[in-house]
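Work through the exercises below with the sequence and the 3D structure at hand. Try each task before reading its solution.

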Number of protein chains: 2
Amino acid sequence: MITIPRHPQVFIVSAPSGAGKTTLCDKLYAEFPDFFYTITSTTRAPREGEVDGKNYYFLTHELFQKKLAEGEFLEHAIVHGNLYGSPKTPVIRALKEGRDVLMNLDVQGAAAVREYARRAAPDDPMHHEVVDIFVVPPSLEVLRNRLVRRGKDTEETIAKRLKQAENEIARWKEYKYMVVNDDLAEAYDNLRAIILAERHRIRPEGRGSS
Amino acid sequence: MITIPRHPQVFIVSAPSGAGKTTLCDKLYAEFPDFFYTITSTTRAPREGEVDGKNYYFLTHELFQKKLAEGEFLEHAIVHGNLYGSPKTPVIRALKEGRDVLMNLDVQGAAAVREYARRAAPDDPMHHEVVDIFVVPPSLEVLRNRLVRRGKDTEETIAKRLKQAENEIARWKEYKYMVVNDDLAEAYDNLRAIILAERHRIRPEGRGSS
């Protein structure tokens with residue numbers, strides 16, 4: 001049988017808030033059960049219905065700090081006083097088992113993981129490229145309408161989110177791929193296409209990335 | 001509106017004889033009517049039902065040689081004493097109009113066009129990368145069965161074709177993508193995914209290829 005020699009890869013799906021990232025990732029979960037989906041660790045308290053090890057790993061502040069000091073997070077951030085981070089060990093284990101990894105990250109998190117991979121030693125399975133995909137709304141106007149329709153935020157919060165989205169969208173050049181989420185079905189078709197294509201890409205040996 | 005800045009690209013679909021390239025390209029024609037599909041020039045006589053400017057450009061030997069001397073072919077080859085070549089002018093025109101181009105080429109032709117693009121001057125629209133996709137049968141055994149079932153070739157011709165296919169498949173590393181055509185629907189899904197993905201790829205400026 002003829003097969004394509006390939007390394008397992010880390011796919012990052014990243015987007016400004018309100019661009020539809022979670023819906024798109026849920027569709028990926030359904031179509032690609034072979035992926036390893038990372039779970040974020042956090043110090044914030046579980047909300048009703050949230051399950052430890054499924055929605056998040058809920059850690060004490062102390063344990064989070066200990067793991068952080070041990071270099072256990074590929075990226076981490078403080079949001080509203082709570083710590084969030086992407087654990088490294090399960091990702092490395094999955095890659096060593098030959099599984100692709102999917103990480104759902106914000107723009108800052110994506111930048112941190114990309115940087116980790118860039119600096120990773122040749123024997124680190126993350127030395128091989130991360131494939132980062134940026135999902136963006138068709139326009140700031142559309143994003144504004146979506147946030148208003150969602151009805152979860154005050155006008156002030158919406159204005160803040162829009163300003164943040166604008167700053168994040170300006171960083172599109174850092175990514176390898178960009179998908180505009182205008183029509184959800186079309187955006188998903190493009191997102192899955194990127195994953196299928198990357199799985200059929202021939203990597204020049206010794207180049208790692210590109 | 002947020003859009004992805006992109007250059008029109010040249011997609012090459014290439015395969016050993018019997019791998020299903022023509023069927024796959026016909027499906028691409030149907031799904032992507034916005035592509036410019038190149039037509040091969042040849043000195044061989046038209047077969048029944050073949051239309052000049054549709055199936056081939058039928059040229060006299062003299063005219064073909066004149067165009068060849070003028071550098072009008074991106075690639076050319078002699079098969080059974082007849083000349084075949086891919087005209088350059090329509091490809092350049094299509095790229096300048098902003099259209100993607102699809103070329104259906106054999107392995108030698110793909111190598112020649114890839115080399116042309118590599119050496120193209122920065123103001124040549126083909127300076128930007130060609131995306132070459134290699135379609136291969138799942139195994140030589142399967143290819144053999146397909147050629148036998150097709151019933152068009154003698155056993156000697158089949159043996160020759162298989163030997164040639166084996167030599168061609170050994171060149172898979174020259175390509176950017178490889179698609180194994182085991183199940184036709186799946187192979188097509190992967191082929192179209194590569195086109196969609198490349199259209200959503202962000203090209204680092206000044207790098208052209210990557």
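**Exercise 1. Find how strand β3 of chain A is paired, and place it in its sheet.**

Solution. The model is a predicted one.

Step 1. Take β3 (residues 41-42) and β6 (residues 82-87) of chain A: two bridges join them, and the strands run antiparallel. Within this pair, A:S41 has A:G85 of β6(A) as its bridge partner.

Step 2. Now widen the view to the open sheet of chain A, which has four strands in the order β4-β3-β6-β5 and mixed pairing. The edges are taken by β4 (57-58) and β5 (73-79) of chain A, each of which has a single partner strand, so one side of each has no neighbour in the sheet.

Step 3. Look for a helix against this sheet. Helix α4 (residues 107-119) of chain A packs on it and touches β5 and β6 of chain A. The direction of α4(A) makes about 155° with that of β5(A).

**Exercise 2. Trace the pairing of β6 in chain B.**

Solution. Strands in a sheet are held in pairs by backbone hydrogen bonds, and the pairs are either parallel or antiparallel.

Step 1. In chain B, β3 (residues 41-42) pairs with β6 (residues 82-87) over two bridges in the antiparallel sense. Here B:T42 stands opposite B:Y84.

Step 2. β6(B) also pairs with β5 (residues 73-79) of chain B, antiparallel and over six bridges. In this pair B:I78 stands opposite B:L83.

Step 3. Follow the chain from β5(B) to β6(B): the two form a hairpin with two residues between them. In the turn, B:H80 has a positive phi of about 50°.

**Exercise 3. Is strand β1 of chain A mostly covered or mostly uncovered, and which strands pair with it?**

Step 1. Count the buried residues of β1 (residues 10-14) of chain A: five of its five are buried, and the strand is mostly covered.

Step 2. Sort them by face. A:V10, A:I12 and A:S14 lie on one side, A:F11 and A:V13 on the other, and all are buried.

Step 3. List the partners. Five bridges join β1(A) to β8 (residues 130-136) of chain A in parallel, and five bridges join β1(A) to β7 (residues 101-105) of chain A, also in the parallel sense. A:F11 has the bridge partner A:V131 in β8(A) and A:L102 in β7(A).

Step 4. Turn to the largest nonpolar core, which has 86 residues. A:I12 is among the residues that touch the most other members, together with A:I133, A:V135, B:I12, B:I133 and B:V135. Leaving out residues up to four places away in sequence, A:I12 touches residues including A:M103, A:L105, A:V130 and A:I133.

**Exercise 4. Is A:P16 buried or exposed?**

Solution. 

Step 1. Locate A:P16: it sits in the loop between β1 and α1 (21-31) of chain A.

Step 2. Count its neighbours. A residue is buried if 20 or more other C-beta atoms lie within 10 Å of its own. A:P16 has 23 C-beta neighbours inside 10 Å, so it counts as buried.

Step 3. Name some of the residues around it. Not counting residues up to four places away in sequence, A:P16 touches A:V136, A:Q164, A:A165, A:E168 and A:I169. A:D106 is 90 residues from A:P16 along the chain, yet their C-alpha atoms are separated by 6.9 Å.

**Exercise 5. How is chain B related to chain A, and where do the two touch?**

Solution. 

Step 1. The same surface serves both copies, as 100% of the contact residues of chain B recur in chain A.

Step 2. Find the residue of chain B that comes closest to the rotation axis: this is B:A193, at 2.1 Å (C-alpha).

Step 3. Describe the contact. It takes 25 residues from chain B and 25 residues from chain A. On the side of chain B, β9 (177-180) and α7 (184-198) are the elements that give two or more residues. α7(B) gives the most, with six residues.

Notes:
Residues are numbered from 1 along each chain as its sequence is written. Chains are lettered from A and ligands numbered from 1 in the order in which they are written. This is a predicted model: local features need pLDDT of at least 70, side-chain atom pairs count only at pLDDT 80 or more; totals for chains, interfaces and linings use all residues. Copies are superposed by least squares on the C-alpha atoms of residues with pLDDT of at least 70 in both. Two residues are in contact if their C-beta atoms, placed from the backbone, lie within 7 Å. A nonpolar core is a set of buried Ala, Val, Leu, Ile, Met, Phe, Trp, Tyr and Cys residues joined through C-beta atoms within 7 Å. A residue is buried if 20 or more other C-beta atoms lie within 10 Å of its own, exposed if 12 or fewer, and partly exposed in between; C-beta atoms are placed from the backbone. Two strands pair if DSSP finds at least two bridges between them. Axes are lines fitted to C-alpha atoms, for helices over the stretch in contact, and angles run from 0 to 180 degrees between N-to-C directions.
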